[in-house]
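Subject: A structure for you to look at

Hi,

Here is the structure I promised to pass on to you. Have a look at it first, and then read on for what turned up in it.

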Amino acid sequence: MAEEVKNDQNKEEEVSLSPKEKETETPVNTIPKSPSDEARQKAENGEEEQPAPVAKKGNLFDRLFANGNRLITLRGSDIAISNETRRLLALFSDGTYLVSKDNRFDGAVYNFESNVKRRKIPIKPPTYVTLNEISAIYAYAERGGGTVDVSAEEAQDMQIMIDFVNIIQRASKKKVSDIHVVVGSSSTILFREGGIMIKQSEYGGEWGEAFVRSVFAAADISDSNYNQNEFQGAQKLGSTPLRGSNGKLMLPHNVLAIRLQFNPIAFGSQYLVMRLLYADDNPEGSSDLRSLGLGKYEEDLFFKMRSMAVGLNVVAGPTGSGKSTTLQRNMIKLLQEKDYKINLLTVEDPPEYPIPGARQMPVTNANTEEEKTEQFTKALSAALRSDPDVVLVGETRSLATAELTFKGALSGHGVWTTLHANSAPAIITRLRDMGIQPYMLNDPELVKGLVSQRLFSKLCPVCKQPIKTREGSPEFNRLKNALGEYGIENVFVAGPGCKECGYKGFKGRMAVDEIILPDSHFLNMIIDNETAKGIDYWISELNGRPLKDCAIERMLKGLIDMDEVERWCGLIDQRPVY
Ligand SMILES: [Zn+2]
């Protein structure tokens, strides 16, 4: 890399201001906001609805591009610079200037700054960022957030696809995790927002059928034709236009990808579920595990796992339990602790979140489940041959993948992965049932960390109510049995809802983790199905804390309610179920 920069130093930087009319190149027509007839009419009449630029607190991208602020070092924008220089810096129309921290003394950067100053283009003192952040900013600017330049005629032809982009846009503003489209005699759209399903809108049955077909056709990977009687999966990446839109329709810029699942349901109806993956979930590359909900105890155990250079660490949990977010932050933390002097490779399908400093390998060209598994296995073998120190394996979903993760650990690497399992000990039994040999599973030099994570809805701090309001109810009595007066005094339940929480009673979610750093005695007991004995040993000899204890601790702080604890961990006055 230093070589390339040297070459660039000798080149004369070309900096030129293009004429003002360049600005008309930015998209003019925006998509009508809702798929209603009214909006459709507006689109046909060529009327525009300009969305107000909103600057959300805490979102770096939105702040940079707020109030019409433009990236003037963008390709084809006001300032012409070489691609190599563009990699290192970004200058905005308000003078905001971002430079790669590691390259701040490069000749190319120095030349750029002096040229800009000579031409009297406004430039503020630099903000130092990473190369990854700069490339993310250009990707964001190039994709220009779902806005399109379509004629009224085209809008009519593509209306249903425009509806699709609109719905995604509405959902992405609220950071909705999944969108459900249920098509029968009428069509219902539901958003899963903060873990709760909320009905959004209702359309006719015909619209729904056309919608599902159109979404299938717009996806990147959909080899065969849409068949309403089959279970079909597909994916739409945010980096490419919708298929069939003549390159004019894009997903909103903060959407990295959408996973699509098409299901037939009884009586000729259809059901589409879309999972949204966001690019700006962690734009500043936070490595903070505490803000996800983890406490000091869990943070210390994660630190221990990171400090072991060799071995396998597995994070388990159901879909939507935030496994990937926790792993992403943990990997960012690992890179920071090692001062970026390790080779961290990831194999993911698709990469869910950017990890600055890691080389993230996507799994591509896979249509069917079998092909996906095959491609995934190939990518993982390639990663293990590419001189890694640490490998993050997106998901262990086949014996072939599981064997490769162990192979990685055996050959002296650190391997991190996720797995579908119901608890931390169940990771071992799941791997055993997949076909991993006991002599590897019971080796604490190979199996380093077992984590099980759940996301709990957080009580709204404004309208939560003391459990005393439910005095005499079965759950009240169970709590009294389990924790006595102390529990009764300190436990809260969801209230009726208020303005603060959008009348839901809950606001946000928190991760609660169960973490086991096993020894061979523990592993052997779990492999031999002596789970209860194993759990007792873990708690008494290895200072273990079951998920239920961790959840009860949060409950006694008034952060989560008793219904949530019982939902995920079983009845409060019973021994936890494993
Ligand atoms: Zn509230």
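Before we start, one term: a residue is called buried if 20 or more other C-beta atoms lie within 10 Å of its own. Please also keep in mind that this is a predicted model.

Let's begin with helix α12, which covers residues 369–384. Its buried residues are Phe376, Ala379, Leu380, Ala383 and Leu384. Looking down the axis of α12, you would find these buried residues within an arc of 135 degrees, so they line one face of the helix. There is a handy rule behind such patterns: an α-helix has 3.6 residues a turn, so residues three or four places apart point the same way. On the other side of α12, Glu370 and Ala382 are exposed. And what covers the buried residues of α12? The cover includes strands β11 (344–348), β12 (359–362) and β13 (390–393), along with helix α13 (399–410).

Next, the sheet. Six strands make up an open sheet, in the order β6-β5-β4-β9-β8-β7, with antiparallel pairing. β6 (196–204) and β7 are at the edges with a single partner strand each, so one side of each has no neighbour in the sheet. On average, neighbouring strands of this sheet are turned by 20 degrees against each other, direction ignored. Helix α9 (residues 205–218) packs on the sheet and touches β4, β5 (186–193), β6, β7, β8 and β9.

β7 pairs with β8 (residues 255–265) over six bridges, and Ala234 stands opposite Leu260 in β8. Elsewhere in the sheet, β4 (residues 178–183) and β9 (residues 269–278) also pair over six bridges, with His180 opposite Val273 in β9.

Which residues touch the most other members of the largest nonpolar core? Among its 53 residues, they are Met331, Val347, Val391 and Ile427. Apart from this core lies another, of 34 residues, including Phe216 and Leu256.

Finally, the whole chain: there are 20 helices and 18 strands in it, and buried residues make up 40% of its 578 residues.

Enjoy exploring!

Best wishes

Methods:
Residues are numbered from 1 along each chain as its sequence is written. This is a predicted model: local features need pLDDT of at least 70, side-chain atom pairs count only at pLDDT 80 or more; totals for chains, interfaces and linings use all residues. A nonpolar core is a set of buried Ala, Val, Leu, Ile, Met, Phe, Trp, Tyr and Cys residues joined through C-beta atoms within 7 Å. A residue is buried if 20 or more other C-beta atoms lie within 10 Å of its own, exposed if 12 or fewer, and partly exposed in between; C-beta atoms are placed from the backbone. Helices (H or I, at least four residues) and strands (E, at least two) are DSSP runs, numbered from the N terminus. The expected span of a helix is 1.5 Å times one less than its number of residues. The arc is that of the directions from the helix axis to the C-beta atoms. Two residues are in contact if their C-beta atoms, placed from the backbone, lie within 7 Å. Two strands pair if DSSP finds at least two bridges between them. Axes are lines fitted to C-alpha atoms, for helices over the stretch in contact, and angles run from 0 to 180 degrees between N-to-C directions.
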